[in-house]
Amino acid sequence: MTTTTHQLSPEQCQHLRDQGYLMVPNLIDTATIDGVRQELNEVVDATAHAMKSEGQLVDTHSDAGFDRQLARIAHDSMDTASKLIARIEGDAGSGGHMGPGVFELLRHPCLLDAIESLVGPEIIGSSVYRIRPKVPGLIRGAVPWHQDSGYLMGHCDRELIITCWIPLVDATIENGCLYVIPQVHKNGIMKHHTGGSANYLVIKDEDIPGDTTPIAVPVPKGGVLFMTNLTPHASFTNASDHVRWSVDLRYQNANTPHNADLLPSESKSDSADVEIACYPPEADFVLRSPSQPNKEIRDWQTLKQLRDRHFINRHTNQIPFPDRWPSLKA
Ligand SMILES: O=C(O)CCC(=O)C(=O)O
């Protein structure tokens, strides 16, 4: 029996290493993307109906479909749309929605094969994954310039953590695809500030090297934008009439610091650097492990339980929170 793998070619791996990003079209099949769309559509609709019964909104716009329902709700009231999105995202830092559709995307064999060619066969799913409905006109929809490492513990700057940015609609310049600054990931971490727009971290314009040119990276549905944790990226306003939905997932090798094997109570702030996960407040998880296959998480309920348990216990166990940048206001 032959098994097909979807490893990246040596040229693709080299492009990511040289440029800091790589866009691969047609990596994820339509059924998987549609599974995520349908799941999120149900979450949005159920939340809209709950808010309607609480008297918080009048029209759920249930017929508008996945790409437009939140845009129509936002057209009626941006405040209501923001509250709805906040409910979907859950408590800050909890990671938000997890269900079978998102889980199948997270461990999609083509995605894991591609990741394997970048980080090796022992793959940890980084605790930080996010689902983003970028609604036209939503202030929080635009994300200022940052490197993902800016959000992580400093000792992980030297590690390779791959971000996979996966749109659930065609991501275009009009609806707010990502922009990246090529090549500068090789220079390490840049200075960030807290308190950027919508309270994101931000790299000030003056801290971005002057001889660089950002480029837009449109990604068709089914495609994936791979970036390193040191690749500066940003996204701007959605000027279309629909929601630019996307999911960003992160992966790392099992030799990089992670907390996949630790209970929150074992993740102490006075541990040696190497024992502290790159993002301690949330739980990492084993996705592919040829050496210890019994550790792989194979169903979404187990992952949800693991992450919920970690999240609930994080305050009681003094888990360190990455916090190393000055405020814009200082
Ligand atoms: O989806 C966006 O607009 C921003 C995504 C982002 O900043 C990230 O994936 O780190």
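The model is a predicted one.

**Nonpolar cores**

- The largest nonpolar core has 57 residues, and Leu111, Phe226 and Tyr251 are the ones that touch the most other members.
- Helix α6 (residues 109–119) gives the most to this core, contributing 7 residues.
- In soluble globular proteins, nonpolar side chains tend to be buried together.

- Helix α3 spans residues 69–76, and its residues Gln69, Leu70, Ala71, Ile73 and Ala74 are buried.
- The cover over the buried residues of α3 includes the helices α2 (30–53) and α4 (78–89).
- Strands β3 (130–134) and β10 (244–253) are also included in that cover.

**Packing of α3 against α4**

- Two packed helices are described by the angle between their axes and the distance between the axes.
- For α3 and α4, the angle is about 135° and the axes are 5 Å apart.
- Because of this angle, α3 counts as oblique to α4.
- On the α3 side, the contact is made by Leu70, Ile73, Ala74 and Asp76, which meet Met78, Thr80, Ala81, Leu84 and Ile85 of α4.
- By class, the residues of this contact comprise 7 nonpolar, 1 polar and 1 charged.

**Packing of α2 against α4**

- Helices α2 and α4 pack at an angle of about 120°, and their axes are 10 Å apart.
- The relation of α2 to α4 is therefore oblique.
- The crossing of these two helices, α2 and α4, is right-handed.
- From α2, the residues Val43, Val44, Thr47, Ala48, Ala50 and Met51 meet Thr80, Lys83, Leu84, Arg87 and Ile88 in α4.
- The residues of the contact between α2 and α4 divide into 7 nonpolar, 2 polar and 2 charged.
- Thr80 and Leu84 of α4 meet residues of α2, and Thr80 and Leu84 also meet residues of α3.

**Leu230, a buried loop residue**

- Leu230 is located in the loop between β8 (224–228) and β9 (233–235).
- The relative accessible area of Leu230 is 11%, so this residue counts as buried, the limit being under 20%.
- Apart from neighbours within four places in sequence, Leu230 is in contact with Gln147, Ser149, Asp157, His185, Gly188 and Ile189.
- Leu230 and Thr212 are 18 residues apart along the chain, and their C-alpha atoms are separated by 15 Å.

**Loop residues with positive phi**

- Asn26 is classed as exposed because its relative accessible area is 68%, and exposed means over 50%.
- Gln183 lies in the loop between β6 (178–180) and β7 (215–217).
- The phi of Gln183 is near 75°, again a positive value in a residue other than glycine.
- The relative accessibility of Gln183 is 42%, so Gln183 counts as partly exposed.

Methods:
Residues numbered from 1 in each chain as written. Predicted model: local features only at pLDDT ≥ 70, side-chain atom pairs only at ≥ 80, totals over all residues. Heavy atoms only, no water. Buried < 20%, exposed > 50% of the residue type's maximum accessible area, 1.4 Å probe, protein only. Helix = DSSP H or I, 4+ residues; strand = E, 2+ residues; numbered from the N terminus. Contact = heavy atoms within 4.5 Å. Core = buried A, V, L, I, M, F, W, Y, C linked by side-chain atoms within 4.5 Å. Axes fitted to C-alpha atoms, helices over the stretch in contact; angles between N-to-C directions. Parallel < 35°, antiparallel > 145°, perpendicular 65-115°, else oblique. Left-handed = near helix turned anticlockwise from the far one by under 90°. Nonpolar A, V, L, I, M, F, W, Y, C, P; charged D, E, K, R; others polar.
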